[in-house]
Amino acid sequence: MNFELDEILIERASRDSALARRVVCALGDRVPVIEVDEAREATRPRRGDRDPFGAGKRRMVIARRSSPFLMACPAGSSRFACCGYLVLTLASNCPMDCSYCFLQEYLAGNPAFQVFSNYADALDEVDRMIANSPGRSFRVGTGELADSLAFDSITATSHDLVEHFSARPNLTLELKTKTDEITNLLALDPRGRVLVSWTLSPDAVFRSSEHRAASPGARIAAARQALDAGYRIAFHFDPIIAYPDAERDYSTLIDELLDSIPAKDISFVSMGGLRMTPALKSAARRRHADDAMLCGEDVLAPDGRYRTFTPRRLRIYREVAAKLKKAGANIPAYLCMEASSVHEKVFGAIPPRPATIGQRLATT
Amino acid sequence: MTTHVTDNAIRALATEKRLPDANLERWLAMDSGSRAALLDLARTLKFRTGQLATAMDLLDEIAVREKSSIVKILGDARARAIADGRGSAPDRARAMLDYLRAIRFPELGRARAALEADIAKLHLPRGAAMALPRELASDEVTITLRFRNARDFDWMLARLNEAKPGIAAILDRLGGKE
C-alpha cells in the first residue's frame with residue numbers, strides 16, 4: 001500500500017508504545033514525526049484545508065483510545081436484517097479514498113487517520129465478552145472504520161490479532177480489506193479461526209471510485225494466497241452499484257472469482273446496494289464531482305438513504321445470488337442493511353435473527 | 001454577455017431568490033456556457049428557489065452521467081421547446097423539471113410505466129386503487145378501498161381476490177423479478 005502521509009503525530013502517552021515504535025521505525029525517515037501532549041485537536045478537521053477529510057487521511061495520529069474498542073456494527077438497525085457482526089475499532093479512517101465511502105460523513109468531525117496504541121486492551125474486551133457468553137460463537141472484525149490490512153505493513157497489528165483469536169475456539173476474527181497486503185498474514189498460523197474478506201467490485205467501479213485500492217484481480221489473487229495459507233475467506237459485494245451493464249460486469253467478476261477460488265472454499269458472501277444519506281451524498285459528490293458511479297438512479301428510500309430504486313437494486317441482488325447458487329457449494333449469503341422482506345424476495349426465505357446468523361457466519 | 005456581467009447577474013439572482021451559498025458556489029464553478037445557460041433558463045421560467053436548486057442538481061448529475069455539459073443539455077431541441085414553448089412560466093418550469101427528471105432517471109421511468117400498465121390491467125373495481133411506492137423507493141404497495149357498507153366491502157374483497165395473481169406479479173416485478 002502506497003501511503004501518502006504528510007505527518008505522524010504521536011500523543012505523549014503513546015510515545016513508548018510498541019505500535020508507535022513500529023510506525024516510527026517504518027516511516028520516521030520519510031515522514032515528519034511530531035510529539036503532542038494531547039491528540040484530540042489533531043484529529044479534528046483543520047481550518048484552511050480545502051478537503052479536510054482528504055487531508056485527514058494524510059495525518060496519522062497515534063493515541064490511546066479511551067472509548068470501548070468493541071461494539072455492535074454501526075450499520076445495524078431494527079429496520080434491517082443484520083448479520084450479528086461485532087466491530088473492533090483499532091483505527092479510524094483509511095489511506096484509500098473510495099468515492100462512496102461512508103466515512104466521509106461518519107468521520108467528518110474527526111477525519112485524521114487514527115491508530116490506537118493501546119489496542120491490546122481491545123483483546124481484553126473480547127475475552128470478557130466470551131467469558132460472559134459461554135457456548136456462543138462470535139465474528140469480530142476490524143474493518144468497519146478502517147481497512148483491516150491497509151496499514152499492516154507499518155503497524156503489524158495482525159500478528160497480535162491472529163495470535164489472540166487463533167487460540168480461542170469460539171471466536172472468528174474477520175479482517176476486511178480492499179488491498180493485497182497479506183505478507184504478514186502469510187507468516188502466521190490462523191488455525192482456521194481467522195477469516196480474511198475482500199470487498200469486490202467490477203473493474204469499472206474500481207477504476208471510477210476505489211482510489212488507491214488494489215485492483216479486483218489483485219484482491220482475488222491475494223485471497224487465493226490467503227486460502228492456501230490456511231485462512232478462511234469471504235467476499236463482500238458491497239456496495240453494489242447499479243450502473244449500465246452492472247449485471248454483466250458483476251457476472252464477469254463472479255466468473256473471475258470462481259476461476260481462482262472454488263465455491264466450496266468461500267465461507268460466505270455478502271451483498272449490499274450503494275446507500276448514502278443525503279449528507280454523505282453531498283460530501284461524496286463534492287469530493288468526487290466527476291464520478292458517474294455516484295449519479296446512479298438513486299432515490300430517497302424510507303430509511304432516509306439514497307438507494308437505487310427497488311426493482312433495479314433487487315434485480316442485481318437476485319442475479320448475483322443466482323449466479324453464486326449456480327456455482328454450487330451452497331455458499332452462505334446475506335444482505336447488508338436491507339429489510340427482511342428484501343431478503344425474502346432475494347433468497348426465498350426470511351432471514352434468521354442477527355444472533356443466529358452471526359453464530360452461523362462465525363462457524364462456516 | 002461577458003463572463004463578468006453573467007456572474008454579476010447570477011449573484012444578483014441568487015440574492016433575490018435567497019439561494020443557499022453552496023448552490024451559488026456550484027453555479028459559479030460551472031463552465032461559462034453552462035453558467036449563462038442556467039441563468040437564461042432561470043429567468044425565462046421564473047424558477048422559484050427550490051426549483052432552481054433542483055434543476056441545478058439534476059443538470060449537474062445528468063452532465064456527469066452523460067459526460068456532457070449543462071449548456072449542451074439545455075441546448076437540446078426538447079429542452080428548448082419546453083423553455084420557449086407556450087404556456088405560463090410556472091407550467092413550463094414544472095414541465096422542464098419533469099423533463100430533466102426523465103433524463104436523469106430513465107430506467108426508473110420505464111419501470112414505473114411498466115408497473116402502472118400492469119396495475120391498469122388488473123381492472124380493479126371502482127373505489128379500489130393500488131399505489132406504487134413513491135419513486136419505487138421500497139417494495140411496499142398500498143391498496144385503498146372506498147366503500148359505504150359491508151356488502152360493498154365483501155364485493156371488493158372478492159374482486160381483489162380474483163386479482164391476486166396479477167397483484168402478486170406486480171409485487172414480483174417490484175421485487176426485481178423479470
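Analyst: Let's start with how much of chain A is tucked away: of its 364 residues, 59% count as buried. This is a predicted model, by the way, so treat every value here as computed from a prediction. Chain A is built from 15 helices and 18 strands. Its radius of gyration is 20 Å, close to the 21 Å that the globule rule gives for 364 residues, so chain A is as compact as a globular protein of that length. If you boxed up its C-alpha atoms along the principal axes, you'd need roughly 55 × 45 × 35 Å. Take the contacts in chain A between residues at least 6 apart in sequence: 78% of them join residues at least 24 apart.

Find helix α3, residues 32-44, and you'll spot B:S34 in it. Is B:S34 buried or exposed? It's buried, with a relative accessible area of 1%, and the cut-off for buried is under 20%. Who does B:S34 touch, leaving out residues up to four places away in sequence? The answer is B:S69, B:I70 and B:V71. Zoom in on the side chain of B:S34: one of its polar atoms lies 3.3 Å from the backbone nitrogen of B:I70. That side chain of B:S34 also reaches the backbone nitrogen of B:V71, at 3.1 Å.

Terms used
Residues are numbered from 1 along each chain as its sequence is written. Chains are lettered from A and ligands numbered from 1 in the order in which they are written. This is a predicted model: local features need pLDDT of at least 70, side-chain atom pairs count only at pLDDT 80 or more; totals for chains, interfaces and linings use all residues. Side-chain values use heavy atoms; hydrogens and water are left out. Helices (H or I, at least four residues) and strands (E, at least two) are DSSP runs, numbered from the N terminus. The radius of gyration is taken over C-alpha atoms; the globule rule is 2.2 Å times the number of residues to the power 0.38. Buried means under 20% relative accessible area, exposed over 50%, partly exposed in between (1.4 Å probe, protein chains only). Contact means heavy atoms within 4.5 Å. A polar contact is a pair of N or O atoms within 3.5 Å; within protein, one must be able to donate a hydrogen and the other to accept it, and residues adjacent in sequence count only if both atoms are side-chain atoms.
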